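Dear colleague,

Here is the structure I promised to hand over. Please look through the sequence and the model first; my notes follow below.

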Amino acid sequence: MLSKRIIPCLDVRDGHLTKGVKFRGNVDIGDPVETARKYYEQGADEIVFYDITASAEGRGIMLKVVEKVAATIFIPFSVGGGISSLEDMRATLLAGAEKVSVNSAAVINPGIISQGAEAFGSQCVVVGMDVLKVKKSRTIPSGYEIVIHGGRKHMGIDALWWAMEVERLGAGEICLNSIDADGTRNGYELELTRLIADNIRIPVIASGGSGNPGHMVDAVTLGRASAALIASIVHYGEYTIPEIKKYMNDAGVKVRMNW
Amino acid sequence: MIAILDYRAGNLTSVKRALDHLEIPNRITSDPRVLSSSGGIIFPGVGAAGSAMRNLRENRLDEVIKSLVLSGKPMLGICLGCQIILDKSLENKTSTLGLISGTCDKFSQELYDESGQLINIPHMGWNNIHMKKDCPLFKDVPETSEFYFVHSYYPVPDPDYVIGITHYGLDFCSVFGRPGLWATQFHPEKSGKPGLKILSNFYIYCLENL
């Protein structure tokens, strides 16, 4: 039986791990390679790196980090942030990432999804979606709208329609981030997660809002997500990954307990 | 030395990194002489069966691999490499190496998981293996270990060769083979410590059978 995945997300800036406070100040909290290794040892099922530099120079530094991580951990990991071309994808995969994640670039140029899937296989292409709850309207019938630039720019695109579209274009997975829930620690946006997960056949990673292991149980049961992304609750040591997994396992969720 | 077969498809470097980490001497190669002088071959891969077989045939590597394996060279096929060992794949209606009798089928869209939801395709993530028989690759690998899968097609070998099965909407064969020729549908190079153990067990088998 397939396990539900627990995926720590590491924000990287200029090769350093940072913890951002909603796209404002960033505090340097350590070395991404060491932290990835620690989470690997602790039983993370996958790791996501999000490069928040996204300048040309930052990309080069990020590729070095990816190479070191690939030689250190032997579970899948993905890299997102600033990937906007087939060349960016190729460089990141060649450096050793299993998957690349595209977000704003896919909204602006959806063709990158199909090109990436064609060139590298669907399983390599994750589409990140930033979603904001809005009033239901003719253009946004689901009441969930796609936003970019950390929620600052509304795109007038319905999130459910977009999820089905990225599946059609060949994405292998969707990382679904609720801007409303992000940073609240009140739990994932379950209604949104379930709406998307019920209407597509590719896996959905729930993101934004986790404050305790119970939230992760909810995301993969009520929300029907395949995986839950976590950040601050492990970065600040409130919970360890083994504690989270034990909690989920005790709650009857199938998670990988032996690593 | 372990030869990692280069057939211009799939992720060769992740297998190489895992072997490097285990300090197992290895080389990525498509040179028949290097393949022949190796202690064993790993046939890695993600990608489509059609283009993989085309690349193999263009370089006559299909014949090279077949004759090496039939003369007793140990080989481990991973993911696509595992599917190619069989007779044919439904993916691109491709005729494959035929080292072990069997085919590859696609996961049906109509399958349900344990909670009654339609399964996601591809089968992506960590899953268990229920061993049907002993296999030296799984020596000292705990039975509760899970392995990383990413695939939309699954192997259906001759039942005599089935070693392990995995459940995803249905029971499918996730490990098969015979002594010296094995295939895993999952990625040992991405399956954490249990996966690394399988790679080092393969190397030990190669050393013992030089």
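**Contact between the chains**

The contact draws 25 residues from chain A and 33 residues from chain B, where two residues are in contact if their C-beta atoms, placed from the backbone, lie within 7 Å. On the side of chain A that touches chain B, 11 residues are nonpolar, seven are polar and seven are charged. Here Ala, Val, Leu, Ile, Met, Phe, Trp, Tyr, Cys and Pro count as nonpolar, Asp, Glu, Lys and Arg as charged, and the others, Gly among them, as polar.

This is a predicted model, in which local features need pLDDT of at least 70 and side-chain atom pairs count only at pLDDT 80 or more, while totals for chains, interfaces and linings use all residues. Residues are numbered from 1 along each chain as its sequence is written, and chains are lettered from A and ligands numbered from 1 in the order in which they are written.

**Helices and what they pack against**

Helices (H or I, at least four residues) and strands (E, at least two) are DSSP runs, numbered from the N terminus. Helix α2 of chain A, residues 56–70, has 15 residues and should span 21 Å at 1.5 Å a residue; its end C-alpha atoms are 21 Å apart, which agrees. The expected span is 1.5 Å times one less than the number of residues.

The buried residues of α2(A) are A:Met62, A:Val65, A:Val66, A:Val69 and A:Ala70. They lie on the same side of α2(A), because they cover an arc of only 130° around the axis; the arc is that of the directions from the helix axis to the C-beta atoms. A residue is buried if 20 or more other C-beta atoms lie within 10 Å of its own, exposed if 12 or fewer, and partly exposed in between, with C-beta atoms placed from the backbone. Exposed A:Glu57, A:Gly60 and A:Lys64 sit on the face of α2(A) turned away from its buried side. The cover over the buried residues of α2(A) includes α1 (32–41) of chain A and α1 (12–21) of chain B.

In α1(A), the buried residues are A:Pro32, A:Val33, A:Ala36, A:Tyr39 and A:Tyr40. These fall within an arc of 130° seen down the axis, so they line one face of the helix. After α1(A) comes A:Gly43, with a positive phi near 100°.

In chain B, the 17 residues of helix α6 (residues 192–208) should span 24 Å at 1.5 Å a residue, and its end C-alpha atoms are 25 Å apart, which agrees. Its buried residues include B:Ile198, B:Leu199 and B:Phe202. The buried residues of α6(B) pack against β1 (2–5), α1, β3 (40–43), β4 (75–78) and β10 (146–151) of chain B.

**Backbone details**

Most residues other than glycine have a negative phi, and most peptide bonds are trans. A:Asp14, in the loop between β1 and β2 (16–20) of chain A, has a positive phi near 50°. A:Asp14 counts as partly exposed, with 15 C-beta neighbours inside 10 Å. B:Glu23, in the loop between α1 and β2 (26–29) of chain B, has a positive phi of about 60°. B:Glu23 is exposed, with 9 other C-beta atoms within 10 Å. B:Ile121 and B:Pro122 are joined by a cis peptide bond, with omega about 5°. B:Pro122 lies in the loop between β7 (102–106) and β8 (123–128) of chain B.

Regards
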